[in-house]
Amino acid sequence: MNWMALAERVLGGGPSSRRSGALSCREGGSATRAEALAVLMAPAEELLALLEAAFAVRRHYFGLGVSLHVIRNAKSGLCTEDCAYCSQSAKSAAAAPRYELQPVEEILQGALEAQALKAVRYCIVTSSRAPQEEELNTVCAAAEQIKRATSLQVCTSLGLVDAAQARRLKLAGVDRFNHNLETSERFYPSICQTHSYSDRLATARAVKAAGVELCCGALMGLGETPEDRVDLAFALREVEADSIPVNFLDPRPGTAFEHRPRLAAAEALRILVMFRLVNPSRELRVAGGREVCLGPLQALALYPANSIFTNGYLTTPGQGHAADLAMIEAAGFQVTDVTQA
Ligand code: SF4
């Protein structure tokens with residue numbers, strides 16, 4: 001397949017726009033399901049051509065910017081749910097930290113530290129099926145204080161929420177809410193039994209209806225097929241996810257998926273290219289598992305993706321902020337300023 005021709009079509013440009021040296025700036029379409037599957041099945045020698053095509057689309061919408069997000073594990077462990085990949089689940093024997101929701105002051109302190117790291121977004125995460133009333137009060141109070149004290153965009157990830165809860169978060173100043181679909185509807189029962197795919201979709205729709213940006217993404221490497229990956233990419237297009245974090249399973253000892261193999265770097269990169277070509281204008285984040293799956297190739301993820309988590313993940317460390325900045329600079333990209341986010 002001619003991958004650059006696909007990128008041009010996704011962007012809405014014709015063959016002549018490439019010859020003239022610039023891709024069209026018109027709002028474009030998307031790769032088809034067949035094309036998305038072809039990306040995932042492409043031979044190894046086409047990887048650089050795939051990345052070049054994804055980069056053309058990414059550059060059109062986001063230039064060379066990389067937005068940094070800092071995640072705050074504000075309540076850890078103690079979860080009632082059985083997500084098979086998660087070290088904080090009720091079924092997990094992993095050595096994940098366990099503590100109740102942190103007070104407002106601690107969450108605010110984390111935001112101040114995130115701002116010092118040049119983050120554009122601070123994501124407050126709690127381990128739970130859904131937020132309790134008191135937890136929602138605390139998170140809303142923290143969001144209000146963060147919005148007053150910093151220029152950060154605030155994201156929350158609190159499990160399942162209904163329309164009224166989403167509206168409360170909106171009123172408190174929360175800019176974005178994260179709730180991942182993780183995988184396809186077909187494969188979903190293999191990863192979670194305590195809440196359904198339709199529960200997750202309902203949360204995504206409640207968030208959008210409240211006027212809060214939706215961050216909704218993927219966890220790859222759970223045993224899903226390429227078709228499952230494509231189905232998920234189109235499901236995220238369907239729910240109009242504003243931001244798509246793509247995580248790669250880093251199997252945690254003590255979880256049900258502890259023996260799943262990690263994805264190879266080339267496979268992870270093809271997945272990112274596919275998500276970019278199906279959801280061309282959406283923020284695409286190479287998220288958890290970046291370092292361990294991509295290894296020395298992780299800078300190549302910035303060709304399809306325009307965002308990363310810096311300074312670690314919920315229960316695992318990353319390579320560190322200084323190494324993230326060095327990687328971005330060495331690859332010729334730039335950290336996105338909060339005014340550009
Ligand atoms: S609901 Fe969240 S914290 Fe709880 S097990 Fe699932 S992924 Fe982990």
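Me: Which residues does Tyr-188 touch, not counting residues up to four places away in sequence?
Reply: This is a predicted model, in which local features need pLDDT of at least 70, side-chain atom pairs count only at pLDDT 80 or more, and totals for chains, interfaces and linings use all residues. Residues are numbered from 1 along each chain as its sequence is written. Two residues are in contact if their C-beta atoms, placed from the backbone, lie within 7 Å. By that rule, Tyr-188 touches Thr-183 and Tyr-197.

Me: Is Tyr-188 buried or exposed?
Reply: Tyr-188 sits in the loop between strand E4 (176–178) and helix H8 (197–209); helices (H or I, at least four residues) and strands (E, at least two) are DSSP runs, numbered from the N terminus. A residue is buried if 20 or more other C-beta atoms, placed from the backbone, lie within 10 Å of its own, exposed if 12 or fewer, and partly exposed in between. Tyr-188 has 21 C-beta neighbours inside 10 Å, so it counts as buried.

Me: What separates the C-alpha atoms of Tyr-188 and Lys-91?
Reply: Along the chain, Tyr-188 and Lys-91 are 97 residues apart.

Me: Which residues does Val-207 touch, not counting residues up to four places away in sequence?
Reply: Val-207 lies in helix H8. Val-207 has 29 C-beta neighbours inside 10 Å, so it counts as buried. Its contacts are Ala-166, Phe-177, His-179, Val-212 and Leu-214.

Me: Why does Ala-95 count as exposed?
Reply: Ala-95 is in the loop between strand E1 (65–75) and helix H5 (104–116). Pro-253, 158 residues away in sequence, is 8.3 Å from Ala-95, C-alpha to C-alpha. Ala-95 counts as exposed because its C-beta neighbours inside 10 Å number 12.

Me: Which residues in the largest nonpolar core touch the most other members?
Reply: A nonpolar core is a set of buried Ala, Val, Leu, Ile, Met, Phe, Trp, Tyr and Cys residues joined through C-beta atoms within 7 Å. The largest one here has 101 residues. Those touching the most other members are Tyr-122, Val-246, Leu-272, Met-274 and Leu-277.

Me: What is Leu-277 in contact with, leaving aside its neighbours within four places in sequence?
Reply: Leu-277 is one of the core residues that touch the most other members. Its contacts are Leu-6, Val-10, Ser-30, Ala-31, Ala-36, Val-39, Ala-54 and Val-57.

Me: Which residues of H1 are buried?
Reply: Helix H1 spans residues 3–11, and seven of its nine residues are buried, so it is largely enclosed by the rest of the structure. The buried ones are Trp-3, Leu-6, Ala-7, Glu-8, Arg-9, Val-10 and Leu-11.

Me: What phi does Gly-12 take?
Reply: Gly-12 is in the loop between H1 and helix H2 (15–19). With 16 C-beta neighbours inside 10 Å, Gly-12 counts as partly exposed. Just after H1, its phi is positive, about 90 degrees.

Me: What is the phi of Leu-78?
Reply: Most residues other than glycine have a negative phi. Leu-78, in the loop between E1 and H5, has a positive value instead. Its phi is near 65 degrees.

Me: Where is Glu-240, with its phi near 60 degrees?
Reply: That phi is a positive value in a residue other than glycine. Glu-240 is partly exposed, with 14 other C-beta atoms within 10 Å. Its place is in the loop between H9 and strand E7 (243–248).

Me: Which residues are around the ligand?
Reply: A residue counts as near if its C-beta atom, placed from the backbone, lies within 6 Å of the molecule. The residues around the ligand are Cys-79, Glu-81, Cys-83, Cys-86, Gln-88, Ser-89, Ser-127, Arg-129 and Gly-159.
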